[in-house]
Amino acid sequence: MSIRTIILLMAAGTSVAAGAQVKTYLEADFDKGIPSDFTLIDMDDNPVAVSNYQRVETSGSWAANPVDTKANNAAFSFSSCQYDYPVENWMITPAIHIESADAALRWDAKSIHYDLRESYKVMVSTVSTDPSTFKELARIDGEQYTWQTRALPLAEYAGQDIYIAFVATSENKFILAIDNITVGELNDSRFITDDTSRRFVGSASPTAPVSGTITNVSSPVEVKAIECVTDDGTQTMTVERRLSTGEQLDYNFDIPVSLNNVSHYSLRAIPAEGGDAVTLYSDSLFCSHYPKILLAEEGTGTWCNFCPIGTLQGNEMKERLGEDVLVIAVHTRDKLTCNDYNNGISRWISSIPAYIFNRDNTTITVGSVFDEERYNKALALEVPAFVEMDVTPSEQQPGRITFNTRTQFATAYDNTDGRYKLGFAIIEKTVEGTDSTIQVNNSTQINNGEYYYLPLYIPEKLMFFHNIPREGSTAFTGVEGSLPATIEEGETYEYAHTMTLPDNLRSTDDLFAVVYVMNTLTGKVFNIAKADIPELSSGIGGVTADSGNSMIDMRLTGGKLDICLPDSNEPYTITVCGTDGVMTHKVSGRGNTVSLQLSSDKGRCHIVRAVQGRHICTRKIFTN
């Protein structure tokens, strides 16, 4: 399998179908619109903010619109609305007679916006289309960004007529897409494979783990075994069990790897009673001297019409590689620019949107069309060094942090000229859009995802910027003396670098540190490591406690939270999350008073964060 094929097969949810013909009671793909016998109910009385969308039909609670390609429609529910409370959009099937206990419901779903993951419920009624008669079958909080196939058993409704409802429940998100609804006896042996294996492995061990989860999205099926087929043979994991609809099965294998080689593998399900094996998933691992994190530096700008496409490409890389890639967004000539970092990357990137991988001249890709060949070359670059790091705050000097690194090389180097060094940077994970960082968007292709549907000037609450450099003075030049003059093969070198946090930070709870092992003459990065920066007790980048929390007041009465802010003209953003991390409220605007209605469940904890300019307050609020 070529590297290109690896990438095409690396989506987290890959499904394969084989076997008997599907017996269906209902099927809807929405390519000709939402079927006339479906019932659509808008229960929330919260009008869609139509100015936040383009190229879509937003009337009604649900509407069929093109998705992925012009020829493929899906049912869309819109949740960017005029008021700050959840939508309740119902899409209800006609009555379906369930003949068999093996019947199931299957559908595809995705959140259109990378940062705004949609929530919805799947409900069933044996009475009518009246919403009061439905009960919940499943709840999905934060649907995935890529298409997910999901399935639920309907055995308890055998012999009955039922109505099935998809109920969108998001607040201040964007678009939920539902497609390919099927109800019936799904005898097509279909599985979804979520392979979580690390793509880049080291050569210290002769084997590397392959692991993940298999989900049955067909009718119940007897599985005898799962096989992992490699060039060196076949490994078998005995299962001998019946997988119900929607049931998951974990797999774990250790496959042979060798230095600077690609190890291919394929997963197969073996049915219990004969029949052909079902291919589940195929992929590969790349083995070098050490595991690596691929560094992808993205050149974009909020003023650049085509840069949203570059951002989309970064999102797709993160979906493909997960923790094996770090995408750093180097903004040019806008409010998010870090001058040191921007000046450093200009050695490679002179126009945008663009990417450079590991700062290798052979992997620069520029323009709105992503260069897969150069990207694939970057995946196969040799990894001659390894680095790990932890970050500790200074107890004596507020605002000072220390990067504690440990570096090892697979080859000896003469470093008397000091070309091999460690460099450091501080990165902010997420920056929400403001009136001074509005992204211009000129995406006109439907395969550009959310940017196809977003307007020319993307509204503040719909734009998020990720992995923004905040300090990068040594990220390209390195630190003198951070590596010795003579580098020995296999030796571990410890180095501690202390840095003062820049004074433009609002807090440290959304920051992480990066260390780069690099050749400063060529600029090439051998490997990187990242580590979260712990919350500092005081002195956060020059913002004192007095300029933050004490000027924002929060008071809870019953379930009503009143927030008083210090500046009536300054934009604010308020978010509320549960202890599970799921966001329940997000409000942006101008003014000095905000009221939110929180859940009235007794003893429930809400984590409330209010930001207005340089004033920040984060508190735990417990309802009485």
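R55 lies over the face of Y452, at 4.9 Å from the ring centre. R117 is placed likewise, its charged end over the ring of Y114 and 5.1 Å from the centre. A charge is taken to sit over a ring if NZ of Lys or CZ of Arg is within 6 Å of the ring centre and within 35 degrees of the ring normal.

The model is predicted, so that local features need pLDDT of at least 70 and side-chain atom pairs count only at pLDDT 80 or more, while totals for chains, interfaces and linings use all residues. Residues are numbered from 1 along each chain as its sequence is written, and side-chain values use heavy atoms, with hydrogens and water left out.

**Aromatic pairs**

Y452 also belongs to a cluster linked by ring pairs, together with Y53, F76, F78, F174 and Y453. The whole structure holds 22 aromatic pairs. Rings of Phe, Tyr and Trp (its six-membered ring) pair if their centres lie within 6.5 Å; planes under 30 degrees apart count as stacked, over 60 as edge-to-face and the rest as tilted. Two of the pairs are tabulated below.

| Pair | Centre to centre | Angle between planes | Class |
|---|---|---|---|
| Y251 and F253 | 6.4 Å | 35 degrees | tilted |
| F409 and F526 | 6.5 Å | 85 degrees | edge-to-face |

F409 lies in strand 27 (residues 400–409) and F526 in strand 34 (residues 525–532), so this pair ties together parts that are 117 residues apart in sequence. Strands (E, at least two residues) and helices (H or I, at least four) are DSSP runs, numbered from the N terminus. F409 is buried, with a relative accessible area of 0%, and F526 is buried at 10%. Y251 and F253 are buried too. Buried means under 20% relative accessible area, exposed over 50%, and partly exposed in between (1.4 Å probe, protein chains only).

**Nonpolar cores**

The largest nonpolar core has 33 residues, of which M91, L105, W107, F166, I178 and I181 touch the most other members. Among the elements that give two or more residues to this core are strand 8 (104–111), strand 12 (161–168) and strand 13 (175–185). Another core, of 30 residues, lies apart from it and includes F78, L116, A177 and L454. Such a core is a set of buried Ala, Val, Leu, Ile, Met, Phe, Trp, Tyr and Cys residues joined through side-chain atoms within 4.5 Å.

**An exposed tyrosine**

Y457 is in the loop between helix 5 (450–453) and strand 30 (464–471). At 53% relative accessibility, Y457 counts as exposed.
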